[in-house]
Amino acid sequence: RGRLSVYFSPDGVHWGERAAASGPLGDRSTVFYNPFRGVWVYGIRDYQGGGIGRFRRYHEAPDVLEAARWERGQPPFWIGADLDDPQRDDLKTPCELYNLDVAPYESLMLGLFSLWRGQPDDRAKPNEICVGFSRDGFHWQRPVHEPFIPVSERYGDWNWGNVQSAGGCCLVVGDELYFYVSGRAGVPGSSASGASSTGLAKLRRDGFASMDAGVATRTLTTHPVRFSGECLFVNVDSPMGALRVEVLGEDGEFVAGYTRDECRPVQVDSTCRRVTWREHEDLAALTGKPVRFRFHLARGKLYAFWVTPDASGASRGYVAAGGPGFTGPADTTH
């Protein structure tokens, strides 16, 4: 009846009485926890005619029951589709935000945006999943608007109509990310969903974006960063090339002992490879100081870097919906 019911369980099997009912909302509304700000967030589905269509309102609180309490129209506008979301050539319909699932991944919030691109008369709605990220869980960056997990354009495929994400966004399974998604086969000549299935899409761990280099060396310099660990790790694919890292101090000058020439080249395809220098096995001397990393890459792809106190490479970052071998919400057992 247009509300979410909140229940608690000590084991995920046995459930108590209903603890609360949320304020009013539309179908496909979602809930997530933002560990960076320590709040529970309700992504409230709403609809507004005259252009924006489906969109999200936002309500948060440190306590999940407190966060569930609001009155109709009270939560503020949060997010909708972008003007940069491309319309389908066959429908020419402005896009709307059908769903948004959010989970903490490493040092940011990962968002899977299910975009509604119109309703054909003879096909299930071709919703597709796009990807974005947020530093605070409220403001979003979507550098790419092409579908991350699209519908199939071939009738007979399980995902010919309406692909949507699962609540935890993805699992971390070894060197890969597992995205479980729902899909509908549709019914030709009808807008019905037809048979519904669950599919699995896989991506290299941290594989959302990369700095790519060919024969010519490419360079990337970070913003100033501070860290509490001492071991630098990278996710890199460079078996036919090399990655070297140098460290710059607050004054922009190279830090002695951490120059490009002193860095041992990284020539491997690995999601977790440690970087060392000839005179330094770690960054202990720079812990807590503002520095910049400058990466030099030839013939390869650099996906991610992190500094950790763990010599095994455990990032201490968040792992979205978890995965085999993890004992909690963060990567402490790489």
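**Briefing: an open sheet and aromatic contacts**

Four strands make up an open sheet with antiparallel pairing, arranged in the order β9-β8-β7-β21. Strands β9 (128-134) and β21 (318-319) are at its edges; each has a single partner strand, so one side of each has no neighbour in the sheet. The model is predicted. Aromatic side chains are a further topic of this briefing, as the structure contains 21 aromatic pairs.

**Strand pairing**

- Seven bridges join strand β8 (residues 108-116) to β9, in the antiparallel sense.
- One of the residues concerned is G111, whose bridge partner in β9 is G132.

**The pair Y58 and F138**

- Among the 21 aromatic pairs is that of Y58 and F138, which is edge-to-face, with 4.8 Å from centre to centre and 85 degrees between the planes.
- Y58 belongs to strand β5 (residues 53-61), while F138 lies in the loop between β9 and β10 (161-165); the pair therefore ties together parts that are 80 residues apart in sequence.
- Y58 has a relative accessibility of 6% and counts as buried because this value is under 20%.
- F138, by contrast, has a relative accessible area of 27% and is partly exposed.
- Both residues also belong to one aromatic cluster, formed by F32, Y58, W78 and F138.

**The pair Y178 and Y180**

- Y178 and Y180 form another edge-to-face aromatic pair, at 6.4 Å centre to centre and with 65 degrees between the planes.
- The planes lie over 60 degrees apart, so the pair is classed as edge-to-face.
- Y178 is buried, its relative accessible area being 16%, whereas Y180 is partly exposed at 37% relative accessibility.

**Arginines over aromatic rings**

- R45 is positioned over the face of Y98, 4.6 Å from the ring centre.
- R54 has its charged end over the ring of W116, at 4.6 Å from the centre of that ring.

- W15 is located in the loop between β1 (5-6) and β2 (20-21).
- The relative accessible area of W15 is 53%, and W15 is exposed because this value is over 50%.
- Leaving aside residues up to four places away in sequence, W15 touches Y7, F8 and S9.

Key
Residues numbered from 1 in each chain as written. Predicted model: local features only at pLDDT ≥ 70, side-chain atom pairs only at ≥ 80, totals over all residues. Heavy atoms only, no water. Pairing = 2+ DSSP bridges. Helix = DSSP H or I, 4+ residues; strand = E, 2+ residues; numbered from the N terminus. Phe/Tyr/Trp six-rings, centres within 6.5 Å; stacked < 30°, edge-to-face > 60°. Buried < 20%, exposed > 50% of the residue type's maximum accessible area, 1.4 Å probe, protein only. Lys NZ or Arg CZ within 6 Å of the ring centre and 35° of its normal. Contact = heavy atoms within 4.5 Å.
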